[in-house]
Amino acid sequence: MRIRAALAVTAAAAGAFAAVAATPAQATEYSSALKVKGVQYDAPGRDSNSCSTGNTRSEYLTIKNYSSSATVNLKGYVVKDAVGTTFTFPSNHYLQPGDYIKLRGGHGTDSDTNNVVYRQNCNFLWNNDKDTIYLYKPSGARADVHAYSASSNDRDGNGYITYHG
């Protein structure tokens, strides 16, 4: 009896280890149609958050509706970085299945037609070396999360990282 119990415990432990080893830390999938498609975390050029001459508009987060059938309203969704800087989508922005929107820094006119929402803030949101991107549903449930570091995730050095294809 002892041998069977030990084998069962060993087999269960090995199965648990295999499950943990096969699942990378960032592989958690949340039940959300909206996911982070990519981030231009390092805007081209020398960083300047001047509203008139800066390049914060060149820093953006792309969020995509990966659903094959559901339209999603972005109103109330929250984007947050590692230190807690947040942006909450204040208005109705509807993403059809397969559609995306770019959340850009700087000031501008939001447009569903042009797939863009501006943060109306000239400060950069993403760090150029490393950061974490959180996307929350209006209910507060996490929709997606990605940590990045320029040295590990941006192999071509262009300041852009793609997630979820």
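Buried means under 20% relative accessible area. By that rule Phe 87 is buried, and Phe 89 is buried too. The model shown here is predicted.

Start with the rings. A pair of aromatic rings is described by the distance of the centres and the angle of the planes. The count of aromatic pairs comes to four. One of them joins Tyr 60 and Tyr 160. Their centres are 6.0 Å apart, with 40° between the planes, and the pair is tilted. Tyr 60 belongs to strand S2 (residues 60-65), and Tyr 160 to strand S11 (residues 160-162). The pair therefore ties together parts that are 100 residues apart in sequence. Tyr 60 has 14% relative accessibility, so it counts as buried. Phe 87 and Phe 89 also pair. Their ring centres lie 5.1 Å apart and their planes meet at 85°, so this pair is edge-to-face.

Lys 102 lies over the face of the Tyr 60 ring, 4.5 Å from its centre.

Next, the charges. How many salt bridges does a search of the whole structure find? It finds one. Glu 59 forms a salt bridge with Arg 119, and the closest N and O atoms are 3.9 Å apart. Glu 59 sits in the loop between strand S1 (34-40) and S2, while Arg 119 sits in the loop between strand S8 (116-118) and S9. So the pair ties together parts that are 60 residues apart in sequence. Glu 59 is buried, and Arg 119 is buried too.

Now turn to Asp 144, in strand S10 (residues 142-149). Asp 144 is buried, yet it has no salt bridge. The nearest side chain of opposite charge is Lys 35, 5.1 Å away. A salt bridge needs the nitrogen and the carboxyl oxygen within 4 Å. What does the side chain of Asp 144 make a polar contact with? One partner is the side chain of His 164, at 3.0 Å.

Finally, look at Thr 132 in strand S9 (residues 130-136). Is Thr 132 buried or exposed? Its relative accessibility is 16%, so Thr 132 counts as buried. Leaving aside neighbours within four places in sequence, Thr 132 is in contact with several residues, among them Lys 80, Asp 81, Trp 126 and His 146. Val 145 is in contact with Thr 132 too. Thr 132 and Val 145 are 13 residues apart in sequence, and their C-alpha atoms are 7.1 Å apart in space.

Methods: Residues numbered from 1 in each chain as written. Predicted model: local features only at pLDDT ≥ 70, side-chain atom pairs only at ≥ 80, totals over all residues. Heavy atoms only, no water. Helix = DSSP H or I, 4+ residues; strand = E, 2+ residues; numbered from the N terminus. Buried < 20%, exposed > 50% of the residue type's maximum accessible area, 1.4 Å probe, protein only. Lys, Arg positive; Asp, Glu negative; His and termini not counted. Polar contact = N/O pair within 3.5 Å; in protein donor to acceptor, adjacent residues only side chain to side chain. Phe/Tyr/Trp six-rings, centres within 6.5 Å; stacked < 30°, edge-to-face > 60°. Lys NZ or Arg CZ within 6 Å of the ring centre and 35° of its normal. Contact = heavy atoms within 4.5 Å.
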